[in-house]
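Work through these exercises with the sequence and the model side by side. Try each task before you read its solution.

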Amino acid sequence: MKPGIVYSSLFIFSSLFFFNCKVDPKIVPVLPSDNISETVPEGWPQPNYTFSTNPVSEAGFILGRALFYETLLSKDNTISCGSCHQLTSAFANTDHKLSHGINDLLGRRNAPGLFNLTWHTSFMHDGGINHIENQPPAPITNTVEMGEELENVVQKLQASEKYRKLFNDAFGDELVTTQRMFKAITQFQGLIYSYDSKYDDYKRGKAQLNETEKRGYSLFLDKCNACHKEPLFSDFVIRSNGLPVDPSLNDIGRGFIENQPQNYYKFKTPSLRNISKTAPYMHDGRFSTLQQCLNHYTGGITNLTNLDPLLQNGISMTEAEKADILAFLLTLTDYKLLSDQRFADPNFQ
Amino acid sequence: MKSGLNKVRFNPFLLFLLGIFLLTSLSCKKEDTQITPKDPSPPPASQYGSLYLEFSHVVDAQLLEFGKKYLNPSGDTFTVSKFMYYISNLVLVKEDNSLFTQAESYFLVDASKSSSTKISINSVPYGKYKSIRFVLGVDSIRNVAGAQTGALDPANGMFWNWNTGYIMLKLEGAAPSSTVFGNTIEYHMGGYKGVNKTQRSFEIGFNSLTAQVAQDKNPKIRLQTNINEMFSNPNTVRFATLPIVTSSGANAKLIADNYQDMITFIGLE
């Protein structure tokens with residue numbers, strides 16, 4: 001294929017349309033030179049968010065990345081999104097069970113991995129946020145995370161020459177608004193895709209699973225896939241998998257969002273992609289190993305309030321079957337993503 | 001740098017067509033948000049004028065002053081320190097029942113900022129209008145549409161970050177009968193869907209008067225928002241039992257059902 005021709009004709013055409021409609025010609029959704037673009041891998045469902053009102057541009061992505069790693073977003077200028085979401089752990093946080101914010105304040109939940117976010121139907125462990133563009137203000141204003149007022153963030157960025165230029169590149173003028181910030185952050189975090197694991201290569205006929213992994217795969221389809229549904233390894237439904245309540249946190253999950261008894265202790269089903277890299281596990285990071293997660297399903301389900309019907313009798317697995325499933329889970333690690341410098345902190349490149 | 005993109009096979013021509021399609025459908029979006037008079041034959045460009053809405057704030061018969069003591073309908077004393085709400089989706093109804101819909105109409109009225117209590121609607125087609133429709137609050141569509149700006153900027157403090165949704169109306173103050181620390185009262189009315197929605201639609205007639213928009217006529221419609229309507233009819237709300245409502249649900253619905261008639265017509269200039 002000759003991408004050059006395609007993109008340049010695309011550019012000419014798009015300029016015509018932009019010209020007609022008097023939209024700033026700088027916002028041209030060409031693909032960034034480092035080849036990051038909206039993608040739907042073959043065989044995947046359509047994503048829930050499509051950038052239709054937030055056209056992807058290279059400058060938008062670069063601004064979003066700068067903001068993701070920007071400590072000015074926090075009250076004392078010490079914490080960025082990247083402090084809690086690290087590339088090498090698929091943007092989860094391996095250091096901490098519960099998140100650590102400004103002034104070493106302890107959050108109440110574990111930072112999940114960030115990838116394939118445009119398929120999610122809601123955000124946070126309780127699914128309280130209904131739109132990917134509305135996610136960034138939550139950590140920024142959360143007093144135990146970044147603890148800053150949106151107004152102050154806008155002022156700090158507007159006062160920075162670096163950001164006036166980046167906003168100008170991305171949006172055609174230097175004005176900083178929360179809307180532009182959140183759309184740019186979405187262009188960054190919404191384009192973090194993970195579809196290059198050994199499992200994916202196997203599905204594309206480019207790699208083999210060994211016998212253990214194959215057995216694990218079929219056991220997985222049988223016992224886990226109803227909730228951790230492939231290819232995203234989640235159906236993103238909010239439900240209870242029966243974890244006993246930690247009385248020191250008393251996290252009622254979905255109950256905080258919709259305060260009715262039938263919503264208590266329900267949490268969003270997490271994706272199991274990159275699961276070997278996103279320890280510790282569960283909404284409060286209570287388990288440090290995958291073995292503990294598997295043991296939960298065979299013998300640890302004790303909280304019956306609102307327990308998902310599929311787990312009424314737990315999941316029966318022999319130790320050998322657990323070992324097979326574990327081997328399969330390890331094939332879900334996307335090593336290309338974990339070292340993809342396009343998503344790394346630009347301040348250290 | 002090579003990307004994972006190579007793994008996904010694109011037909012360049014299809015991609016090209018898709019690109020054109022997306023661009024044509026996206027780039028002209030601005031057009032849709034222009035004013036779209038429902039009038040079958042829109043008047044020529046010159047035949048548009050302005051109309052103003054002016055809100056005054058009262059507690060029953062008394063003008064609102066922050067810090068001043070008032071009585072609610074149950075006789076409980078309270079003071080107000082903050083009062084803000086959204087007005088959106090303005091529609092003007094002509095004498096012949098045809099409609100003028102003001103696109104992109106989202107306004108944040110803040111009782112402490114006099115500039116925010118006057119709303120000007122420009123580009124109103126000439127004609128005689130007999131009533132106005134609007135939503136107190138923000139429609140459900142904008143509650144699920146991602147990052148917004150202007151009046152809907154979350155930096156305005158009328159947005160829930162942890163549980164997405166706009167605060168339709170916010171009243172803060174104090175009441176001796178409130179059992180909360182500092183005798184605080186706090187009503188952040190939110191919830192946009194299903195039975196828990198707190199946005200309310202109004203249609204307000206001008207008492208058989210008409211507001212005429214013409215070359216030399218830019219009428220001002222004076223409206224009044226009565227805070228005490230939040231605390232009774234049909235649901236009695238006492239500060240001792242319900243001093244704080246800051247999440248959506250049954251309590252927020254109680255108060256929203258009360259305030260669905262809190263804005264009334266008081267005059268035309």
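This is a predicted model: local features need pLDDT of at least 70, side-chain atom pairs count only at pLDDT 80 or more; totals for chains, interfaces and linings use all residues.

Residues are numbered from 1 along each chain as its sequence is written, chains are lettered from A and ligands numbered from 1 in the order in which they are written, and side-chain values use heavy atoms, without hydrogens and water.

**Exercise 1. Classify the ring pair A:Phe220 and A:Phe328, and say what it ties together.**

Step 1. Take the rule. Rings of Phe, Tyr and Trp (its six-membered ring) pair if their centres lie within 6.5 Å; planes under 30 degrees apart count as stacked, over 60 as edge-to-face and the rest as tilted. By this rule there are 35 aromatic pairs over all chains.

Step 2. Apply the rule. The ring centres of A:Phe220 and A:Phe328 are 5.3 Å apart and the planes stand at 45 degrees, so this pair is tilted.

Step 3. Place the residues. A:Phe220 lies in helix α9 (residues 211-223) of chain A and A:Phe328 in helix α11 (residues 319-330) of chain A, so the pair ties together parts 108 residues apart in sequence. Helices (H or I, at least four residues) and strands (E, at least two) are DSSP runs, numbered from the N terminus.

Step 4. Check the burial. Buried means under 20% relative accessible area, exposed over 50%, partly exposed in between (1.4 Å probe, protein chains only). A:Phe220 has 0% relative accessibility, so A:Phe220 is buried. A:Phe328 also has 0%, so A:Phe328 is buried.

**Exercise 2. Is B:Ser178 buried or exposed, and which residues does B:Ser178 touch?**

Step 1. Find B:Ser178 in the loop between β11 (165-174) and β12 (184-190) of chain B.

Step 2. Its relative accessibility is 3%, so B:Ser178 counts as buried.

Step 3. List the contacts (heavy atoms within 4.5 Å). Leaving out residues up to four places away in sequence, B:Ser178 touches B:Asn183, B:Thr184, B:Ile185, B:Phe239 and B:Pro243.

**Exercise 3. Describe the setting of B:Lys197.**

Step 1. B:Lys197 is in the loop between β12 and β13 (200-205) of chain B.

Step 2. The relative accessible area of B:Lys197 is 38%, so this residue is partly exposed.

Step 3. B:Lys197 touches B:Gly191 and B:Tyr192, not counting residues up to four places away in sequence. B:Lys197 and B:Ala252 are 55 residues apart in sequence, with 8.5 Å from C-alpha to C-alpha.

**Exercise 4. Sum up chain A: which elements, and how much is buried?**

Step 1. Chain A has twelve helices and two strands. From the N terminus on, the order is α-α-α-α-α-α-α-α-α-β-β-α-α-α.

Step 2. Of the 349 residues of chain A, 55% count as buried.

Step 3. Among contacts in chain A between residues at least 6 apart in sequence, 69% join residues at least 24 apart.
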